[in-house]
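Please examine the sequence and the structure shown below. The report that follows should be read alongside them.

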Amino acid sequence: MSSTAEAPRPPVRPAPSPMAPPRSFLWSRRVFLTLLAGFVLLPVYVMVSSSLKPLQDVSGTFRWVPSGLTIRPYIDIWSTVPLARYFVNSLLVAGSATVCSVIIAVFAAYAVSRYSFRGKRVFTVTVLSTQMFPGILFLLPLFLIYVNIGNATGVALFGSRGGLILTYLTFSLPFSIWMLIGYFDSVPRDLDEAALVDGCGPLGALFRVVVPAAIPGIVAVAVYAFMTAWGEVLFASVMTNDETRTLAVGLQGYSTLNDVYWNQIMAASLVVSVPVVAGFLLLQRYLVTGLTAGAVK
């Protein structure tokens, strides 16, 4: 036996996988994503920093580093304009339009998905074709319809929350129906048949079987309807008055003939964005699933 010790062997490094991307590509992707994140977050920084500055710091040249911070704009936004009333109006209008849109879209989409009737294809194509026209095209006709209905029947649609809810319902309902049709088509019909065999009627099968299976699609429709009504400006500026004005239009009250309260506008914009951002974060999982399933189908 030889007494000479064998030299240690160098560790064998595994060969790089042929499918692994090169290191330069990984660094390029990181740099690109970092620049993209900075580009997206820059307006957020401007909004947040401006909302915490005194008015004299935001009236002139913009300063990237504020000279002082104050929460006074967040206190003054409620007294400069009746922001609380606008907030309640927006919640009532957007919430009511969302609930009505979801209820009607569920029944309409279920009927189109599960039953055959004369004019079915014409109905679906007509529903989808309404999305081809710009919204401003309906402004004057709706205005005249609401005024004439008010003059003939005494039902005040113009300048009321009910008229604005009906307006937003006409915008969100066609797309909601179309998206739920695709989602209901992805739910197996065997579930309906099993529910009917167990003694459920058509409505029982809808609410006990199909609706629970289609929760992601329904949530996606609800989020879409709410977003459509929450941030709309054009129709809200024409169809409302001082008592029924919504947040999207009420933010214009921070601009006067003499000055623009930029710090309060930024603070109010952040406050307005809180419900939407919080709801999106809570329902993000259902929203992505619902949009993907409806679009693929």
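The sections below treat the overall fold, the confidence of the model, the surface, the aromatic pairs and the salt bridges.

## Model and confidence

The structure is a predicted model. Across the protein chain the mean pLDDT is 82, and 89% of the residues score at least 70. Confidence is highest in helix α4, with a mean of 91, and lowest in helix α13 (residues 262–296), with a mean of 74. Where pLDDT is low, the predicted coordinates should not be read in detail.

## Overall architecture

The protein chain contains 13 helices and zero strands. Its pattern along the sequence is accordingly written α-α-α-α-α-α-α-α-α-α-α-α-α. Of the contacts in the protein chain with a separation of 6 or more, 75% are made by residues 24 or more positions apart.

The protein chain has 297 residues, and 34% of them are buried. Its accessible surface amounts to about 18300 Å², and carbon and sulfur atoms contribute 69% of that area.

## A nonpolar surface patch

Eight residues may be viewed together here: Phe32, Leu33, Leu36, Phe39, Val40, Leu41, Val44 and Val48 form a nonpolar patch on the surface. Together they present about 780 Å² of accessible area. One of these residues, Val44, belongs to helix α1 (residues 23–51). Val44 is classed as partly exposed because its relative accessibility is 44%, which falls between the limits of 20% and 50%.

Helix α4 spans residues 83–114 and includes Thr98. With a relative accessible area of 10%, Thr98 lies under the 20% limit and is therefore buried. Which residues does Thr98 contact, leaving aside its neighbours within four places in sequence? They are Ala222, Ala225 and Phe226.

## Aromatic pairs

The whole structure holds nine aromatic pairs. One of them joins Phe87 and Trp230 in an edge-to-face arrangement, with 5.8 Å from centre to centre and 85 degrees between the planes. This pair links distant parts of the chain, since Phe87 is in helix α4 and Trp230 is in helix α10 (residues 215–230), 143 residues apart. Phe87 and Trp230 are both buried.

Tyr110 and Tyr115 form another pair, with ring centres 6.1 Å apart. Their planes stand at 80 degrees, over the 60-degree limit, so this pair is also edge-to-face. The two residues fall into separate accessibility classes: Tyr110 is buried, at a relative accessible area of 8%, whereas Tyr115 is partly exposed, at 39%.

## Salt bridges

The structure contains four salt bridges. In one of them, the side chains of Glu243 and Arg85 meet at an N to O distance of 3.8 Å. Glu243 lies in the loop between α11 (234–239) and α12 (247–250), and Arg85 lies in helix α4, so the pair ties together parts that are 158 residues apart in sequence. Are these two partners buried or partly exposed? Glu243 is partly exposed, at 49% relative accessibility, and Arg85 is also partly exposed, with a relative accessible area of 32%.

A second salt bridge connects Arg114 with Asp192, whose closest N and O atoms are 2.9 Å apart. This pair too links distant parts of the chain: Arg114 is in helix α4 and Asp192 is in helix α8 (residues 189–197), 78 residues apart. Both Arg114 and Asp192 are buried. A further salt bridge is formed by the side chains of Arg245 and Asp242, at 2.8 Å from N to O. Arg245 is partly exposed, at 24% relative accessibility, and Asp242 is partly exposed, at 47%.

## Helix α4 in summary

Several of the features described above involve helix α4. Thr98 is placed in this helix, as is Phe87, which pairs with Trp230 of helix α10. Arg85 of the helix is joined to the loop between α11 and α12 through Glu243, and Arg114 of the helix is linked to Asp192 of helix α8. Helix α4 is also where confidence is highest in the protein chain.

Technical notes:
Residues are numbered from 1 along each chain as its sequence is written. Side-chain values use heavy atoms; hydrogens and water are left out. Helices (H or I, at least four residues) and strands (E, at least two) are DSSP runs, numbered from the N terminus. Buried means under 20% relative accessible area, exposed over 50%, partly exposed in between (1.4 Å probe, protein chains only). Contact means heavy atoms within 4.5 Å. Patches are made of residues with over 30% relative accessible area and no salt bridge: like charges are joined within 9 Å, nonpolar side chains (Val, Leu, Ile, Met, Phe, Trp, Tyr) within 5 Å. Accessible areas come from the Shrake-Rupley method with a 1.4 Å probe; for residues, only the protein chains shown count as cover. pLDDT is the predictor's confidence in each residue, from 0 to 100. Rings of Phe, Tyr and Trp (its six-membered ring) pair if their centres lie within 6.5 Å; planes under 30 degrees apart count as stacked, over 60 as edge-to-face and the rest as tilted.
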